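Please look through the two chains below before reading the points. The notes are meant to be read beside the structure.

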Amino acid sequence: MTPQSSFMIVAAVRDGQLKDLRALLASMNNLPGHADPDNGLIPFGKFDRVHFARFVIIEARTAQEIREFGVTPRPWRPTLAFLGDIDGDMQTFFLELIERAEPGLKKIFSHCEGFSEEDQDLLGWMKANNINASATYVNWIGRTVRQIHEEAALHRSLSIYLQKTADDVGRENVRALRQKLLSYVEMEKYKGTLTLTPPEPTPPEWKMRNLLHMIGVPLILLLLSPLLLVIALIFALRLRMLERSDPELFIRPSREHLAELTVQEDQDVSNQYSVFGDVKPGVVRLLTFKFILLLTDYFARHVYNHGFLARIKTIHFARWVFMDNNHRVFFASNYDGSHESYMDDFINKVGWGLNLTFTNGVGYPTTQWIIKEGANREHAFKYTQRRHQIPTEVWYKAYPGLTAVDLARNSRIRQGVEIRQSNDAEIREWLSLI
Amino acid sequence: MKESSDFEFDDLQGLLRFGYGKLTDTSFMLLNIVNADLAKKWLETAPISSAITQDPPPDTALQIAFSVEGLRALGLEESVVEGFSDEFIVGMAGDESRSRRLGDVGNNAPQQWKWGGNAAQVPHVLLLLYATKGGITAWQKTIEGEYFSGAFQLLQELPTLYIGDIEPFGFPDSISQPTVDWMQRQSTDTHERDRYSNLLAPGEIVLGYRNEYGQYTARPLIDSRKDQLATVLPGAEDDPPLKDFGRNGTYLVLRQLSQDVPGFWQFLDKVSDHIPEKREQLAAAMVGRELDGTPLVPAHIPGISRKEYENDFTYDQDSKGNYCPLGAHVRRSNPRTGDLPTSACGPLDRLIKILGFGQRPDEDLIASSRFHRLLRRGRSYGPALAPKDAIKPQAPVAERGIQFICLVGNISRQFEFVQNAWTMNSKFDGVQNEKDPMLGNREPLMSGESTDHFNSPDPSGPRRTTCHLPQFVTTLGGGYFFMPGLRALKYISALPANRTGSPS
């Protein structure tokens with residue numbers, strides 16, 4: 001099994017270079033905000049381990065909101081972020097990236113502080129500017145881009161073949177149908193039109209680290225539990241007080257801002273979401289935020305790693321990243337369906353989770369005991385999440401037209417090819433997927 | 001507990017409460033305001049029907065709604081206009097991104113619409129006239145009165161024709177309607193009600209009341225200390241010092257949908273090898289009801305007659321679509337799902353479900369239908385054509401279709417969501433390569449993946465696929481309107497002349 005990892009290279013944009021950089025990034029697109037897979041700067045389509053990638057220029061559009069808390073906004077310079085979700089480790093991916101796209105990367109990064117196009121150690125700079133997420137979510141840990149493409153091809157070809165043969169063989173004759181399909185797959189594999197690469201062995205050091213993390217985090221929490229319980233009580237009361245006294249902001253996003261965002265959306269079945277804002281002032285808020293994200297990360301790694309995040313089955317990848325010395329937070333996700341349905345799904349299915357992870361952000365609607373209310377204040381929530389959203393300059397998805405539900409189904413179809421079902425009901429179930 | 005007479009039906013336009021089904025003659029007029037003063041004078045005395053029940057029922061009715069340009073033309077201040085939702089202000093065809101979401105691309109693109117396709121073409125006023133058979137011309141005369149011709153320019157009279165209680169393809173129409181819970185007797189708290197219910201909080205349909213989130217939808221509120229005129233308006237329940245311009249009003253979504261009746265039946269006839277039973281079976285699978293309106297899921301409540309059962313069902317027992325295909329039109333338009341995937345027994349089970357465990361991978365994709373309901377008030381147009389005649393090659397060609405109307409409190413969460421996430425979504429509930437078999441455009445995805453299939457699951461084996469569905473329904477026009485309460489109409493008609501800043 002090949003585990004996934006993520007990277008996020010960030011650097012402030014040089015003064016006066018913002019416009020040029022925007023134009024350069026736009027030249028990578030063939031639709032508003034959507035990368036041409038064969039673009040001349042970074043031909044994403046040529047990499048077989050990139051799931052998603054994006055360039056965002058992070059601007060603090062909502063920086064003034066924190067004034068409501070009596071805090072002066074910290075300065076923020078427009079910052080370029082290049083982030084991606086990949087198969088395997090970051091180090092080897094960076095090398096591959098440089099090998100295939102060095103001139104393009106240099107051209108882009110030359111708009112950033114601390115980068116000179118001529119004599120720069122590109123790898124070193126990229127690594128030095130990479131920041132880690134506090135929490136990441138991967139829809140299906142271990143499912144590689146290659147596997148996704150192979151399984152999609154398998155589904156496509158099986159579906160065409162099944163339609164042709166179903167009536168000849170007889171629709172009720174499921175055993176014979178399965179036999180036909182299995183021989184067909186063998187044949188296609190032999191001809192080389194279908195490939196089903198077996199999974200790579202799981203890297204032992206990753207396995208080790210994962211196990212340590214799985215056991216270690218609860219163990220440490222358990223050891224600290226007497227202390228944590230006391231702190232939790234104080235925190236809970238303090239948070240409740242803050243919830244009652246914190247200013248509630250109810251600011252409608254401008255139509256210009258919305259138009260800038262929606263022009264990039266619904267070009268295909270999936271969309272991207274980048275959001276940036278301030279952490280509410282005070283150490284209680286920050287520590288709560290960090291602790292909740294620690295738990296989020298833990299559950300994403302060890303519990304919600306096979307197709308669903310609580311009741312949500314439409315998120316491919318997501319991450320939470322602290323920036324600006326823990327004063328600000330950046331969230332990015334790749335999801336299926338339109339923005340409105342993504343948000344409605346969130347409110348209706350996992351409003352509690354949304355409240356937990358974002359209640360400590362400036363502008364988030366007032367919560368009760370950090371899980372109630374919040375997102376249920378529909379307008380306040382929808383306004384604030386759109387206000388804090390920032391446009392994505394370039395977005396790449398390796399498998400257009402496929403939703404996370406499609407990917408899970410294709411994997412089940414493949415499983416049916418490799419592991420024989422034991423009874424007719426299971427065969428029928430398998431056939432119904434194709 | 002409030003009594004039913006407590007609800008301000010006298011301030012509501014009647015369409016919110018009645019479908020005016022007995023008033024079979026209709027005239028839907030699209031108007032532009034050419035003289036705002038005369039328009040306001042006309043409005044002052046216009047006999048707009050309220051939602052009060054009358055005995056005997058009236059034999060005429062008049063309803064009115066305005067586009068944002070119409071409200072501006074009458075002199076509504078921009079600060080009030082800004083209180084409306086963005087969808088309403090920008091308009092149905094005012095933004096390409098919205099058109100893409102609504103499926104108004106390709107043959108449905110606003111550039112090809114007969115009306116409302118660009119900002120200059122958006123009508124100011126929608127006037128809906130209803131009368132008993134043969135009475136519409138006289139009613140029109142009565143209504144127009146003294147100022148009408150000087151006030152308005154008739155852009156178009158949208159065709160309507162009563163062909164019985166069916167839509168042009170031949171299926172009964174408007175069976176599934178929410179029942180507005182006027183007295184707010186049902187809790188909107190998901191802890192008290194996680195199953196599908198047909199009762200709907202009034203705020204989902206009428207502005208100024210609590211919606212299914214227990215919240216008030218944003219709408220224009222006016223400070224009557226700054227605007228004396230606003231004293232005629234009702235107060236805002238959620239913000240008492242302010243007056244509520246939106247209260248008892250609703251958004252009206254109008255779309256002219258052209259239906260290719262011969263095309264539909266001839267295609268079905270062809271793929272059914274000209275066997276009438278097969279043809280009707282496939283048609284029923286696509287619609288999700290038989291030609292007489294009977295739903296396809298088996299009656300699971302013994303003792304309820306098939307007739308009552310028309311609207312008394314959910315798809316809970318048919319999660320795979322073996323009886324009613326997942327992609328069937330009525331299932332897409334109203335999946336009838338509750339807030340939780342299946343009924344939770346006990347708090348532990350509830351917690352397990354909330355945390356997302358114990359589910360099949362294709363389960364719980366579509367939930368909480370209650371936030372996406374539409375009160376439909378459409379009327380058909382074009383000459384009736386029975387299916388048996390429609391399959392003949394010489395079937396009379398005529399413009400047929402439906403003037404689709406729905407009333408909602410939140411255009412984006414209700415109408416646009418249903419259109420985008422449910423009917424036009426080629427991935428709805430995990431389906432493959434299909435959009436709404438009736439309504440869908442057949443535009444392929446960016447990846448080239450086709451969306452012109454229709455799949456019927458078959459419990460005995462692989463599902464049955466119909467390929468290459470032509471487009472049966474084409475959008476010819478549309479717009480977002482606001483249908484004010486009667487006191488808000490008074491406010492509009494009293495707007496001072498000097499405020500009139502006609503934008504055109």
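What radius of gyration does chain B have, and what would a compact globule of 504 residues have? The answer is in point 2.

1. Basis. This is a predicted model, in which local features need pLDDT of at least 70 and side-chain atom pairs count only at pLDDT 80 or more, while totals for chains, interfaces and linings use all residues. Residues are numbered from 1 along each chain as its sequence is written, and chains are lettered from A and ligands numbered from 1 in the order in which they are written.

2. Overall size of chain B. The radius of gyration of chain B is 23 Å, which agrees with the value near 23 Å that a compact globule of 504 residues would have. The radius is taken over C-alpha atoms, and the globule rule is 2.2 Å times the number of residues to the power 0.38. The C-alpha trace of chain B spans about 70 × 65 × 50 Å along its principal axes. Its secondary structure consists of 14 helices and 15 strands. Helices (H or I, at least four residues) and strands (E, at least two) are DSSP runs, numbered from the N terminus.

3. Overall size of chain A. Along the principal axes, its C-alpha trace spans about 75 × 55 × 45 Å. Chain A has 13 helices and 12 strands.

4. Domains of chain B. Two domains are assigned in chain B: domain 1 (4-169 + 208-255 + 478-499) and domain 2 (258-370 + 413-473). The bounds come from an automatic or database domain assignment. Taken over C-alpha atoms, the centres of these domains of chain B are 33 Å apart. Domain 1 and domain 2 of chain B each put 12 residues into their contact, where contact means that the C-beta atoms of two residues, placed from the backbone, lie within 7 Å. On the domain 1 side there are five nonpolar, four polar and three charged residues. Ala, Val, Leu, Ile, Met, Phe, Trp, Tyr, Cys and Pro count as nonpolar, Asp, Glu, Lys and Arg as charged, and the others, Gly among them, as polar.

5. Domains of chain A. Here the assignment gives domain 1 (4-142 + 202-397) and domain 2 (146-198 + 403-433) of chain A. Their centres, over C-alpha atoms, are separated by 37 Å. The contact takes 11 residues from domain 1 of chain A and six residues from domain 2 of chain A. The side of domain 1 has three nonpolar, five polar and three charged residues.

6. Contact between the chains. Chain A brings 43 residues into contact with 38 residues of chain B. Several helices of chain A supply at least two residues each, among them α4 (145-169), α5 (174-191) and α10 (339-358). With five residues, α10(A) gives the most to this side of chain A. By class, the chain A side divides into 15 nonpolar, 13 polar and 15 charged residues.

7. A sheet in chain A. Four strands form an open antiparallel sheet in the order β6-β8-β9-β7 (chain A); strands count as paired if DSSP finds at least two bridges between them. At the edges are β6 (135-138) and β7 (270-278) of chain A, each pairing on one side only. On average, neighbouring strands are turned by 10° against each other, direction ignored. β6(A) is joined by four bridges to the antiparallel strand β8 (residues 315-323) of chain A, and A:Thr136 stands opposite A:Arg319 in β8(A). Across β6 and β8 of chain A lies helix α9 (residues 283-302), at about 25° to β6(A). Axes are lines fitted to C-alpha atoms, for helices over the stretch in contact, and angles run from 0 to 180 degrees between N-to-C directions.

8. A helix pair in chain B. Helix α1 (residues 36-45) and helix α14 (residues 486-493) of chain B pack at about 145°, their axes 8 Å apart. B:Lys40, B:Leu43 and B:Glu44 in α1(B) meet B:Leu489, B:Ile492 and B:Ser493 in α14(B). This contact has three nonpolar, one polar and two charged residues.

9. Backbone details to check. Most residues other than glycine have a negative phi, and most peptide bonds are trans. The peptide bond from B:Asp55 to B:Pro56 is cis, with omega near 0°, and B:Pro56 sits in the loop between α1 and β2 (60-66) of chain B. B:Asn433 is not a glycine, yet has a positive phi of about 60°; B:Asn433 lies in the loop between α13 (412-423) and β13 (454-458) of chain B.
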